[in-house]
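Work through the following exercises with the sequence and the model at hand. Each task is followed by a solution in steps.

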Amino acid sequence: MKSKFLRNTLILTVVSVLAVLVPTVLSASGMMDAYVSGILSLAGIYAIMAISVNIISGITGQLSLGQAGFMALGAYSTILLNSNAHLPLWMAVILAGIITAFFGFLIGFPTLKLEGDYLAIVTLAFGEIIRVVLVNLKQWTGGPNGKSFPTILTLSPSVAVFTILSVLVVIIVCIQNIIRSSYGRAVLAVREDEIAAKSCGISVFKYKMTGFVMASFVAGIGGALYVMYVGFIKPEQAAFTKSIDYLIFVVLGGMGSMTGSVLAAFVLTYLQEGLRFLQNYRLLFYPVVLIFVMLFRPQGLLGTKEFSFTGTFDWIRDGGLKKYLAKRIGK
């Protein structure tokens, strides 16, 4: 049992390191140009936001349309803590996530007893409130014109790739470990059937609140990375249309599947860039794809399944790949 745990840990560590180092080396060596590196970095940020939405919608079974508001809070908090309070950037990012989580607690405490459409409406309203407040606090936020925040991530594509992908990997590892814990099983039980979970002694409100706060923290980190990479933020980033974009990643990837959300974020980000020759018509791509997915695969690309590197390793070791290839060649 101990040797299996060490082997699985070693496999996941190697995969995580390669997922970060390979793109970083390609970017630093010039084999991957700045444009492609920029898309990769942006896709990594969107993947973090997709994970944030999936924690609420896929894992706890709620529907939130205000994650863009939390992202904007994280971005502006990072600017104020670093530029105005003169805190180190790494500390500003962590504190921005904590501040966003605190706001998540404030909005979640009175509203998480609501369900379905009611919770979605409240979170949508919260995002719009954040946007309006940011527009009017001109002294701190720059008003509707936004606020600039150039950092080394803005100037160095390879550093941006390394930083963003490292944070993405750490978030995925943490969330997956939480899901596999006793806490995660309790959250999944709440998602599947609140009445049955409550009858087993599970505090439904407590686990909903914890999931909501955790998702807010992740969104705050995503917002901090966004403003560090782009070097600019406007209140429009808190608009509900942005929240819909992040929700689309989760719906297409599969509610409850972290792998699906991350995969959808990367694929759709690259497709949007690849379809720029269609100009504004490329904006029709999301709704058309969403319609087809809802018609032919409503559970999303992966449903609630996760891709397992250790399971794939065992499958290859046991001859699964050879049998599959032999079967395909035999046809």
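**Exercise 1: Overall fold**

Residues 24 or more positions apart make up 77% of the chain's contacts with a separation of 6 or more, a contact being heavy atoms within 4.5 Å. The model is predicted: local features need pLDDT of at least 70, side-chain atom pairs count only at pLDDT 80 or more, and totals for chains, interfaces and linings use all residues. Residues are numbered from 1 along each chain as its sequence is written, and side-chain values use heavy atoms, with hydrogens and water left out.

Task: State how many helices and strands the chain has, and compare its radius of gyration with that of a compact globule.

Solution. 
- Step 1. The chain contains 16 helices and two strands. These are DSSP runs, numbered from the N terminus: helices are H or I with at least four residues, strands are E with at least two.
- Step 2. The radius of gyration is taken over C-alpha atoms, and the globule rule is 2.2 Å times the number of residues to the power 0.38. For 331 residues a compact globule would have a value near 20 Å; the chain has 21 Å, so the two agree.
- Step 3. Along the principal axes, the C-alpha atoms fill a box of roughly 70 × 60 × 45 Å.
- Step 4. Of the 331 residues, 46% count as buried, meaning under 20% relative accessible area, with exposed over 50% and partly exposed in between (1.4 Å probe, protein chains only).

**Exercise 2: Salt bridges**

Task: Find which residues are linked in a network of salt bridges, and locate each pair.

Solution. 
- Step 1. Side chains of opposite charge can pair when their charged atoms come close. The criterion is a side-chain nitrogen of Lys or Arg within 4 Å of a carboxyl oxygen of Asp or Glu. The structure holds two such bridges.
- Step 2. E128 pairs with R131, with 3.3 Å between the closest N and O atoms. The two are separated by about one helical turn, because they are three residues apart in helix α5 (residues 116-136). E128 is partly exposed, at 22% relative accessibility.
- Step 3. E236 also pairs with R131, the closest N and O atoms being 3.7 Å apart. This pair links distant parts of the chain, 105 residues apart: E236 is in the loop between β2 (232-233) and α12 (240-253), R131 in helix α5. E236 has a relative accessible area of 43% and is therefore partly exposed.

**Exercise 3: A positive phi**

Task: What is the phi of H86, and where is the residue placed?

Solution. 
- Step 1. Phi of H86 is near 60°, a positive value in a residue other than glycine.
- Step 2. H86 lies in the loop between α3 and α4 (89-111).
- Step 3. The relative accessible area of H86 is 64%, so H86 is exposed.
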